[in-house]
Amino acid sequence: MLHRLRFIPGRLVQSIPVAFGVTLIVFFMARLLPGNAALAILGQQANAASVAALSKQLGLNQPLWEQYFLFIGRLFQGNLGTSLTYQIPVSELLSQAIPVTLSLLGLALLLALVISVPLAALAAFRPGSPRDLGVRAFTLLGQGMPQFWLGIMLILLLAIGVPLFPVGGYGNSPADHPYYLFLPSLTLAIAMCPTIIRSLRSSMIDVLGSDYVGTARSKGSYGAALFRGHVLRNAAIPTVSVIGVNLGFLVGGSLVIEKVFALPGLGSIMINAIFTRDFPTVQGVTLFVALFVVVVGILTDVVYTMLDPRVDLSGKENA
Amino acid sequence: MTTPTAMLVAHKERRRATRTRSIKAWYRNGSLMAGMIITGLLVLVAVLAPVIAPYSPITQHLTDALQPTSPAHWLGTDKYGRDVLSRLIWGAQVDLRVGFLAVLIPFVIGSILGGIAGYFGGWLDTVLMRIVDIFFAFPFYVMVIVLVFIFGSGEFSIYIAIAAVSWVSYAKIVRGEVLIAKKQDYVVAARLGGMSHARILVRHIGPNVLSQAIIYGMSDIVMDIMAIVTLGYLGLGIAPPTAEWGSMINDGQEFITTHWQQATIPGLVVVVTSLGLSWLGDGLSDLLSPERRK
């Protein structure tokens with residue numbers, strides 16, 4: 001098992017240029033603000049002293065490359081600057097919000113799998129049948145809906161129409177959180193489902209047509225046992241990478257969903273920061289999210305290798 | 001919802017599927033017809049908005065605020081007394097226009113860069129693909145929201161933001177297609193015939209690889225419309241009082257307990273629009289894939 005994870009150091013080294021590219025882009029975002037970045041952040045009516053102070057904080061008076069190294073240096077110390085609105089370190093703001101967003105994503109992924117696996121199996125066991133078409137219609141609709149609108153519709157149906165769940169918020173005690181997270185997670189899950197179902201369905205069809213499933217069938221395996229023992233794990237392999245590459249996008253989606261359900265996660269912080277022109281916070285969230293995507297990419301490769309013994313990412317051709 | 005990566009995967013699947021599908025006359029292509037009818041009707045509504053909209057989409061009549069559906073206002077009025085139906089109709093103009101136009105810039109930039117990288121290969125290709133990797137690390141909405149923040153909200157910023165995010169997909173698709181095409185006999189023949197690289201790329205390879213980018217572009221329009229609607233919902237899109245579906249949903253959410261249709265109906269219109277465009281894209285992919293002609 002462990003020898004198959006040899007590729008991890010190499011994979012980490014490979015991610016370094018991407019991670020640096022990410023910091024470079026996030027760094028230059030501040031330079032894209034029209035005019036003096038400090039003035040653009042503080043607004044035209046800011047007094048000269050506060051502009052000078054912020055210019056100094058952002059290091060705007062030094063050459064560009066020096067500013068970048070300063071930025072990177074602070075980054076390695078976990079210093080993302082100070083929020084202009086709250087006057088507390090951005091890292092502190094993030095550390096409060098990250099658990100919310102991650103639990104939202106985790107629960108959403110779980111729900112998405114609970115919905116997708118049976119639907120994909122229903123479709124794959126009888127391709128072309130009415131139930132396959134039904135599943136296809138569901139995926140088509142799921143793709144065509146704006147996520148935030150789906151969230152509002154779920155609020156309308158399951159929080160207002162039939163008051164099963166809260167309209168929004170995160171609850172006061174940790175025990176309340178899952179209950180408050182359910183509707184937003186369901187929204188995100190339904191948004192994830194089309195991609196997962198499509199990938200699972202097509203790989204299940206491939207697996208069902210394979211020789212080893214034929215052999216298992218001829219030995220008398222059928223139904224749930226056949227599905228669990230032979231189909232699901234093999235069909236799951238391509239889906240893992242599909243979920244991995246899309247998880248980053250789902251982070252983006254979760255930011256919007258948080259706004260719909262008033263969840264105090266990264267999305268709410270980022271969108272509030274945009275309206276108050278709190279640039280260090282916007283920069284911090286962007287950087288965290290992009291680096292998270294890079295890390296998820298690595299984790300996906302690890303899971304992929306563990307699921308499929310034939311995949312050897314340490315080989316040169318895959319490097 | 002759909003994601004760029006999911007779209008790329010779906011794109012490849014469709015590509016594989018079209019190879020085996022039998023030749024059908026274009027008018028017998030069900031999804032193409034359905035897509036053409038829905039999209040055509042929507043475009044017609046958008047173009048004819050000044051003629052068919054019963055009321056002005058922006059003039060406020062505060063005394064008529066939040067009216068229920070009635071013969072005078074088929075879908076009622078919003079909190080400023082504006083006719084919801086008229087705002088939906090005018091909204092089609094904004095959302096469709098921005099959706100279609102937003103695709104053009106990334107299509108051109110991505111295709112050119114992808115074409116050059118795929119054709120010349122070497123360090124150019126390596127560098128470009130590394131840049132593509134970096135851009136892929138930024139989730140679509142995060143990047144779009146940040147760029148709209150930097151350039152200020154408004155139509156122009158939306159074009160820039162979407163272009164900056166989605167050129168990578170076109171670059172990836174065209175690069176992949178060019179990698180296959182440049183080994184084909186007709187390219188080798190053109191090269192032996194003494195043609196310049198530029199001419200081969202533009203005149204010979206271009207027409208053969210662009211159909212894939214066009215097919216992807218159709219699903220990209222759906223994605224861009226979703227982005228515009230989402231930005232409108234977040235209050236970062238087209239500035240009010242212009243009628244736009246996303247901001248209509250945002251306005252409606254305030255009255256969700258009393259006037260549920262205000263947030264529901266604009267969303268349904270978005271669903272119909274994206275279904276129409278997806279079907280059109282599927283149909284076009286049947287029609288445009290060169291494998292069909294074999």
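E155(B) is partly exposed, at 26% relative accessibility. In this predicted model, the side chain of E155(B) meets that of R97(B) in a salt bridge, with 2.8 Å from N to O. The arginine, R97(B), is also partly exposed, and its relative accessible area is 36%. R97(B) belongs to helix 4 of chain B and E155(B) to helix 7, residues 155-181, so this pair ties together parts that lie 58 residues apart in sequence.

Over all chains, the structure holds 7 salt bridges. Another of them joins the side chains of K79(B) and E254(B), at 3.0 Å from N to O. That pair links distant parts of the chain, 175 residues apart: K79(B) sits in the loop between helix 3 (49-52) and helix 4 (84-120) of chain B, and E254(B) in the loop between helix 10 and helix 11 of chain B. K79(B) is partly exposed, with 23% relative accessible area. E254(B), by contrast, counts as exposed because its relative accessibility is 52% and the cut-off for that class is over 50%.

A further salt bridge is formed by the side chains of R82(B) and D78(B), again with an N to O distance of 3.0 Å. Both R82(B) and D78(B) are buried. These two residues are also part of a network of salt bridges that links D78(B), R82(B) and R87(B).

I turn now to the interface. How many salt bridges does the rule find between chain B and chain A? The number is 0. Polar contacts between chain B and chain A amount to 3 residue pairs, counted where both residues are at pLDDT 80 or more. The helices of chain B that each supply at least two residues to the side touching chain A are helix 1 (4-20), helix 5 (122-136), helix 6 (140-151), helix 9 (197-234), helix 10 (245-253) and helix 11 (261-288). Helix 11 of chain B gives the most to that side, namely 9 residues. Sorted by class, the side of chain B that touches chain A comprises 33 nonpolar, 10 polar and 2 charged residues.

In overall terms, the contact draws 45 residues from chain B and 51 residues from chain A. The size of an interface is often given as the accessible area lost when the parts come together. Here, chain B and chain A bury about 4500 Å² between them, and 80% of it is on carbon and sulfur atoms.

One helix of chain A deserves a separate look. Helix 6 of chain A, residues 130-144, has 15 residues and spans 21 Å from its first C-alpha to its last, close to the 21 Å expected at 1.5 Å a residue. Its buried residues are D132(A), V135(A), T139(A), G142(A), Q143(A) and G144(A). What covers these buried residues? The cover includes helix 5 (90-125) and helix 8 (177-208) of chain A, together with helix 9 and helix 11 of chain B.

Within that helix, T139(A) counts as buried, at 11% relative accessibility. A polar atom of the T139(A) side chain lies 2.7 Å from the backbone oxygen of R136(A). Leaving aside neighbours within four places in sequence, T139(A) is in contact with P194(A) and I197(A).

Back in chain B, A53(B) is located in the loop between helix 3 and helix 4. A53(B) is buried, and its relative accessible area is 11%. The C-alpha atoms of A53(B) and S86(B) are separated by 4.8 Å, although the two residues are 33 residues apart along the chain. Residues up to four places away in sequence not being counted, A53(B) touches S86(B), I89(B) and W90(B).

I close with the backbone. P240(B) and P241(B) are joined by a cis peptide bond, with omega about 10°. P241(B) lies in the loop between helix 9 and helix 10 of chain B.

In chain A, which value of phi does Q87(A) take? Its phi is near 60°, a positive value in a residue other than glycine. Q87(A) is in the loop between helix 4 (64-76) and helix 5 of chain A, and it is exposed, with a relative accessible area of 56%. A262(A) likewise has a positive phi, near 50°, and is a residue other than glycine. A262(A) is placed in the loop between helix 10 (223-261) and helix 11 (266-275) of chain A, and it counts as exposed at 52% relative accessibility.

Definitions and conventions: Residues numbered from 1 in each chain as written. Chains lettered and ligands numbered in written order. Predicted model: local features only at pLDDT ≥ 70, side-chain atom pairs only at ≥ 80, totals over all residues. Heavy atoms only, no water. Contact = heavy atoms within 4.5 Å. Buried area = accessible area lost by both parts, 1.4 Å probe. Salt bridge = Lys/Arg side-chain N within 4 Å of Asp/Glu carboxyl O. Polar contact = N/O pair within 3.5 Å; in protein donor to acceptor, adjacent residues only side chain to side chain. Helix = DSSP H or I, 4+ residues; strand = E, 2+ residues; numbered from the N terminus. Nonpolar A, V, L, I, M, F, W, Y, C, P; charged D, E, K, R; others polar. Buried < 20%, exposed > 50% of the residue type's maximum accessible area, 1.4 Å probe, protein only. Expected span 1.5 Å × (residues − 1).
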